[in-house]
Amino acid sequence: MVARLVPGIEAPSLRCETVSHGLFDLAADAPEGGTFVAFHRGRHCKWTRNALKELDDRIGDFAIRGIRLIAASADGRAETERLKEEMQLIRLPLAHSLDVAAIAEAFGLYVTRDSGEPEAPALNFEPAQIWVRQDNRIGAVAIQSGPNLWADVTNTLRGIENTMKKFPERGAGETAA
């Protein structure tokens with residue numbers, strides 16, 4: 001069954017290798033501001049490349065708020081290294097080789113088969129941005145059904161900051177029957 005991430009619940013497990021930052025474990029060593037996970041489509045996607053470049057350029061804006069970042073895809077290590085080199089991603093941790101079906105099920109991501117894009121894999125998940133609090137509970141979730149719906153970093157940071165400091169998490173309530 002595909003998960004529905006609800007603010008306040010424990011985050012699914014995410015342990016993965018990164019290109020330049022070793023093993024990443026979502027549940028381990030989170031800073032005070034938590035962790036921002038950006039699931040992305042992979043190197044073939046121009047929207048992904050633009051979004052990851054912005055995250056890399058603005059990683060300091062997350063760091064001063066005590067938030068760590070990870071960008072994660074199903075691309076293999078070689079393809080992720082190629083993305084890092086082509087886009088000159090210097091600071092952003094890039095996780096690779098995630099299992100599309102397992103991640104999609106655990107985090108409730110949309111999956112695309114045979115998108116027809118040049119160099120696209122036969123199967124990939126669509127973007128999602130998930131902020132996980134320091135206590136490994138879901139803080140905020142944005143799951144997209146297509147590649148061009150990424151929020152810009154300024155609005156992402158504003159949303160996380162507002163949730164951390166001013167407003168409780170939204171979306172955890174039950175609907176009336």
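Student: Which residues is phenylalanine 39 in contact with, leaving aside its neighbours within four places in sequence?

Tutor: Contact means heavy atoms within 4.5 Å. By that rule, phenylalanine 39 touches Leu14, Ala72, Leu98, Ile103, Phe107, Leu109, Phe125, Pro127, Ala128, Ile130 and Trp150. This is a predicted model, where local features need pLDDT of at least 70, side-chain atom pairs count only at pLDDT 80 or more, and totals for chains, interfaces and linings use all residues. Residues are numbered from 1 along each chain as its sequence is written, and side-chain values use heavy atoms, with hydrogens and water left out.

Student: Is phenylalanine 39 buried or exposed?

Tutor: Buried means under 20% relative accessible area, exposed over 50%, and partly exposed in between (1.4 Å probe, protein chains only). Phenylalanine 39 is buried, at 0%. Phenylalanine 125 is buried as well, at 1%.

Student: How is a pair of aromatic rings described?

Tutor: By the distance of the centres and the angle of the planes. Rings of Phe, Tyr and Trp (its six-membered ring) pair if their centres lie within 6.5 Å; planes under 30 degrees apart count as stacked, over 60 as edge-to-face and the rest as tilted. The whole structure holds 3 aromatic pairs. In one of them, the ring centres of phenylalanine 39 and phenylalanine 107 are 4.9 Å apart with planes at 55°, so this pair is tilted.

Student: What kind of pair do phenylalanine 39 and phenylalanine 125 form?

Tutor: An edge-to-face pair, with 5.7 Å from centre to centre and 85° between the planes. Phe39, Phe107 and Phe125 form one aromatic cluster.
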